[in-house]
Amino acid sequence: MLNVRRLFQSALRISTVLSLVAGLCQPTLALQAQAKPTVRQFRTDSFYIREWIRGGVKEPDVLVEPREIAVTQNAVIVLDAGTREVHALDLRNGRTRFVLKATGEGPGEFKRPTHIATTTHLVGVLDQATSRITVYSDSGRYLWTTTVPDGSSVEAMCMLPRGVLRVKYAGAVSALATIDSTGRILWRSSLPTKPELQKAPTFANSAFLADGCAEGVMTVAPSFGASWYRVTMRGATRRFSYVEAGRDAVITLKKQTVDQTPAAKAERIIQTTGVDAITRGAMQRGDTIIVEAGATKRLPYELIDYYRASDGAYLYSRHLPFTPSALAITPDGQLLAAFIGNETSSIVQLSTTTLTPREIAKLKSRK
């Protein structure tokens, strides 16, 4: 308990450390939309927290740098960028179900995993080194491998039940694509941005895809700007407004010398911007789109906004108790967050409650 409290004291910005509790309650997503939102409307609730610690020198399944989380019906899938491993944790108790390690280029193997995607029972791991996605069951059994065109430039993806992929490539031109289970591109189009941004550096057009694209509609949440989009399988696009609009990124390019000899000089180009990202991620559960807010006027990086998928209407917002490195949502509406600590990283289960943080802290831990 002392280790858990020390871990989260540096991350939580509330004065009371939340206790470990079970018996989590579930959020309600079906609310009436705000007519013309100009400011956020916050839910008057809080979060229970249950930590699934996966660290320490004695832990065989240590997490070093969890950067992506996805959820199946039975498991929490975690991509650890620090170890190049994919961990599957039991959705009920956080125990390890299996671990996939970077071993090579053969069937069922990968070398440099960069993204994960899931359906109800499938887990897809995109390998940047081989430009292919390897698909497993949520019990860890290898199923098939599909080549992904331009796989090294994939920025985000989601997977449909039969292995069809919806992909966001880096940049804006031809950035959105649908790929079938054989690796064939069924459709490709550009991100609906301003003409001057179409040819801008890729950083200006970064975006996230919501995980719940099984109905065939892709939810695209650009990192910068004022709008998010819903894109059908045939490419039809609907534009919706963020509740707090951001600004388009203006990119500055800077050359940096990496290595220099009398015969040659190696340089790299660094992209920077003075504009903070307005979003840090997107999720979907049913008809609700959940956007993890980025550069906001209040509580930056520590809140999420709820929208209705069917018409883009803003519903409400919630405060997060800390800044996660990744977020995902379970089938019953609970949130899962990754936390990267100096000594220990962990996966955290969050569930809404009407209790205040002070009231939660008074509860006794359930062993």
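**A tour of the salt bridges**

Select Arg184: this residue is exposed, with a relative accessible area of 52% (exposed means over 50%, buried under 20%, and partly exposed in between, using a 1.4 Å probe and protein chains only). The model is predicted, so local features need pLDDT of at least 70 and side-chain atom pairs count only at pLDDT 80 or more, while totals for chains, interfaces and linings use all residues. Residues are numbered from 1 along each chain as its sequence is written, and side-chain values use heavy atoms, with hydrogens and water left out.

A salt bridge is a side-chain nitrogen of Lys or Arg within 4 Å of a carboxyl oxygen of Asp or Glu. Asp180 counts as buried, at 12% relative accessibility.

Move to Asp248 and Lys194, whose side chains meet in a salt bridge at 3.2 Å, N to O. This pair links distant parts of the chain, 54 residues apart: Asp248 lies in the loop between strand S17 (237–241) and strand S18 (251–260), and Lys194 in the loop between strand S13 (185–189) and helix H2 (195–198). Helices (H or I, at least four residues) and strands (E, at least two) are DSSP runs numbered from the N terminus. Asp248 is partly exposed at 29%, and Lys194 is partly exposed at 44%.

Now select Arg308 and Asp311, a salt bridge with closest N and O atoms 2.8 Å apart. Arg308 is partly exposed at 24%, as is Asp311 at 35%.
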